[in-house]
Amino acid sequence: MAKKQDKRDGNQQGEEEGEKKREKKILGIFSRQQCAMLSVGICLLLLLVVVTVTSVVLILNKESGSSETMVPIPTDGDMLEFLFQNGEIEEKDGLYATWYHAANSKAEMNKALESEVMILEADVNVEGHNTVNETNLPIMAHPPDIYSDNTLEEWLDAVLKSKKGIKLDFKSLQAVEPSLDLLRAKNQTGINRPVWVNADILPGPNVPGFWPVVNATGFLDLIQKKFPDVTISPGWKVLYISLFPNVTYTRAMVEEMYNAIKHVPQKITFPVLAVMAKNGWPHLSWLLSQSSRFSLTLWQGKDVDPTVNDLLFIRDNSNPQRIYYDVYEPVLSQFKEAAKQKDRPRRFYPGGDIVDYFKPVNRDGLNILWETVRDRESLVSLLKDSPGGMLVIPVISGSGKPKIPVVEDSQPELALQDCLELILASKKPWGIYLRVKSQSQLAVSLQLLRRAYDSDLLYHPTWVNMDVAHGAFSVQGYITGQEFLRTIDQNFPYVTIAPSWPREVIHQGYTPQLVKDMMELFQGTWQDVSLQLQADRIEKSKDGLGSLLQSQSRFSLTVEHKAGREGLKDVTHFLTFIRKWNKQRTFYNIGLH
């Protein structure tokens with residue numbers, strides 16, 4: 001019995017061992033050990049696939065600048081905001097935006113896409129423009145080219161895979177409508193970046209009126225109807241002629257442009273030839289002041305480079321978020337380096353606001369210091385000891401040298417030229433106030449200012465004063481208001497005009513008629529105007545000054561008083577009344593001695 005039991009036990013043990021052996025085979029093929037190794041291999045293979053695919057995607061995204069990684073901005077959005085949000089620039093400053101010109105052919109387009117530039121500018125026309133072969137197909141070509149290996153659609157498809165901004169320069173009105181239709185269609189799936197549309201719609205400097213331009217009305221109307229979600233870049237057709245380097249944008253040109261675009265709601269950036277910007281600044285700055293939606297894009301032509309100093313001048317008199325600099329190397333790098341220097345002197349526009357220049361406490365005109373130049377010794381002392389301010393320089397003809405302007409009552413006589421040289425050599429903030437007392441010295445004095453300005457020396461606020469005759473204050477022996485203005489415009493117009501009434505007519509104060517005629521005289525000027533008032537006549541002038549206090553922002557008031565502290569008490573209450581008007585547009589040339 002025991003042997004049978006042992007046999008059964010042995011058979012059972014053998015069956016269990018056989019079962020164990022069978023259990024070690026998975027699916028009848030793999031052992032457990034083999035299965036474990038296979039599982040590890042599969043996991044490693046899957047991990048390798050994931051890493052490889054991810055790496056390829058990242059490499060492709062990096063190479064193509066895929067818009068999937070781009071922060072989207074609407075097509076009518078701000079270009080600097082777009083560049084800032086996408087990490088292209090560290091601050092919203094037009095100085096740091098970079099451009100690629102004429103990215104028209106596929107070769108140039110690809111070169112631009114592979115570069116580090118941030119904004120692509122390209123020219124759009126219709127195929128076969130102005131020939132029997134003309135089509136409605138927008139292509140990328142700059143005249144005289146009318147055929148291209150690149151259509152606008154192909155160009156957009158390539159650029160939209162990048163993170164670059166877009167500026168399209170239309171060379172004919174025929175190209176505008178089909179291009180806007182295409183932009184609208186592309187935007188259905190998201191262009192996701194600002195789009196600028198440019199066209200030269202008006203004749204500009206050195207260009208005759210009959211020269212062909214893109215029709216302004218047609219261009220602007222098509223944008224509103226077809227694809228209004230853009231920034232508009234309406235420009236002037238410009239020709240630079242080296243024989244006439246001072247030719248620039250005139251007030252008439254700028255006003256014509258403003259009248260053409262003032263009704264459109266879009267952001268506007270006006271393209272301006274950089275080499276002409278400084279001389280045209282009084283008018284261009286006026287254009288900028290008409291709307292916070294406006295900006296300028298300074299562009300460089302092929303014929304001449306703008307100077308770094310001229311570019312610094314524009315930068316120092318504008319908001320850095322409202323000026324773009326589409327200029328070439330090496331000027332661009334030199335300009336950037338100079339602009340970053342913290343201790344460089346500011347290149348202030350001489351006709352600019354003295355509150356902006358001096359930056360007085362609370363931007364209050366009362367906190368600007370005024371001093372009178374009497375002779376060389378007193379001037380040298382002022383330049384050394386005073387912190388800065390407006391320097392009043394009374395100008396007359398020199399004794400024995402009637403063509404030489406000198407400082408009145410100076411002994412020995414201080415020539416105006418020497419006086420200006422001393423002031424301009426100082427590093428302190430000084431303003432120049434020429435009180436011209438001799439008609440024969442007005443043009444000569446202005447020419448001295450012009451020479452200093454052209455020599456890159458005059459970057460101080462500069463005012464020109466004379467007693468003038470006009471209308472109700474037409475007094476014999478004084479320069480007429482029209483002649484005063486004409487002489488300034490012909491010799492050196494970049495000033496603040498500071499007219500005053502003849503003393504003979506203000507014995508009854510500044511009457512409504514006196515004020516009305518003075519306002520009418522300067523109504524059409526483009527310069528800032530500061531009307532000069534004698535403090536001892538203000539008390540009788542409440543009615544007349546009422547209209548002055550409601551005048552345009554171009555007008556300011558300067559109250560003059562030289563009678564000492566005792567006399568000042570008599571007009572203090574009315575000075576308080578004037579200060580209620582506008583503290584930033586009221587100034588006080590008050591000598592307390």
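Predicted model: local features only at pLDDT ≥ 70, side-chain atom pairs only at ≥ 80, totals over all residues.
Visitor: What describes two packed helices?

Guide: Two packed helices are described by the angle between their axes and by the distance between those axes. In this model, helix α16 (residues 442-454) and helix α17 (residues 481-491) have axes that come within 9 Å and cross at roughly 30 degrees.

Visitor: Are α16 and α17 roughly parallel or roughly antiparallel to each other?

Guide: Angles under 35 degrees count as roughly parallel, and α16 and α17 are therefore roughly parallel to each other. Their crossing is right-handed.

Visitor: Which residues make the contact of α16 and α17?

Guide: From α16 come Leu 442, Ala 443, Leu 446, Gln 447 and Arg 450, and from α17 come Phe 484, Thr 487, Ile 488 and Asn 491. By class, this contact has five nonpolar, three polar and one charged residues.

Visitor: At what angle do α4 and α5 pack?

Guide: Helix α4 (residues 106-114) packs with helix α5 (residues 152-159) at about 15 degrees, and the axes are 11 Å apart. That angle makes α4 roughly parallel to α5. The crossing is right-handed. In the contact, Lys 106, Met 109 and Leu 113 of α4 meet Glu 154, Trp 155, Ala 158 and Val 159 of α5. These residues divide into five nonpolar, no polar and two charged.

Visitor: Turning to pockets, how much space lies in the largest pocket, and which residues lie nearest its centre?

Guide: The largest pocket holds about 1,200 Å³ of space. Its lining comprises 42 residues, and those nearest the centre are His 142, Asp 169, Lys 171, Asp 200 and Trp 299. Strands β4 (119-126), β6 (165-170), β7 (195-203), β8 (231-237), β9 (268-273) and β10 (294-299) each contribute at least two lining residues. By class, the lining has 19 nonpolar, 13 polar and 10 charged residues.

Visitor: Which helix gives the most to the lining of the second largest pocket?

Guide: Helix α10 (residues 281-289) gives the most, with six residues. The volume of this second largest pocket is about 810 Å³. Of its 27 lining residues, Ser 285, Trp 286, Ser 289, Asp 353 and Asp 528 are the closest to the centre. The lining has seven nonpolar, 11 polar and nine charged residues.

Visitor: How many cavities of 30 Å³ or more does the count give?

Guide: The count comes to one. About 60 Å³ of space lies in the largest cavity. Its lining includes Gly 352, Asp 353, Trp 463, Asp 528, Arg 585 and Phe 587. By class, this lining has four nonpolar, four polar and three charged residues.

Technical notes: Residues numbered from 1 in each chain as written. Heavy atoms only, no water. Axes fitted to C-alpha atoms, helices over the stretch in contact; angles between N-to-C directions. Helix = DSSP H or I, 4+ residues; strand = E, 2+ residues; numbered from the N terminus. Parallel < 35°, antiparallel > 145°, perpendicular 65-115°, else oblique. Left-handed = near helix turned anticlockwise from the far one by under 90°. Contact = heavy atoms within 4.5 Å. Nonpolar A, V, L, I, M, F, W, Y, C, P; charged D, E, K, R; others polar. 1 Å grid on protein atoms, 1.4 Å probe; cavity = no way out; pocket = protein on both sides within 12 Å on 5 of 7 lines; lining within 4 Å. Points joined across faces, edges and corners; volume = space filled by probe spheres on them.
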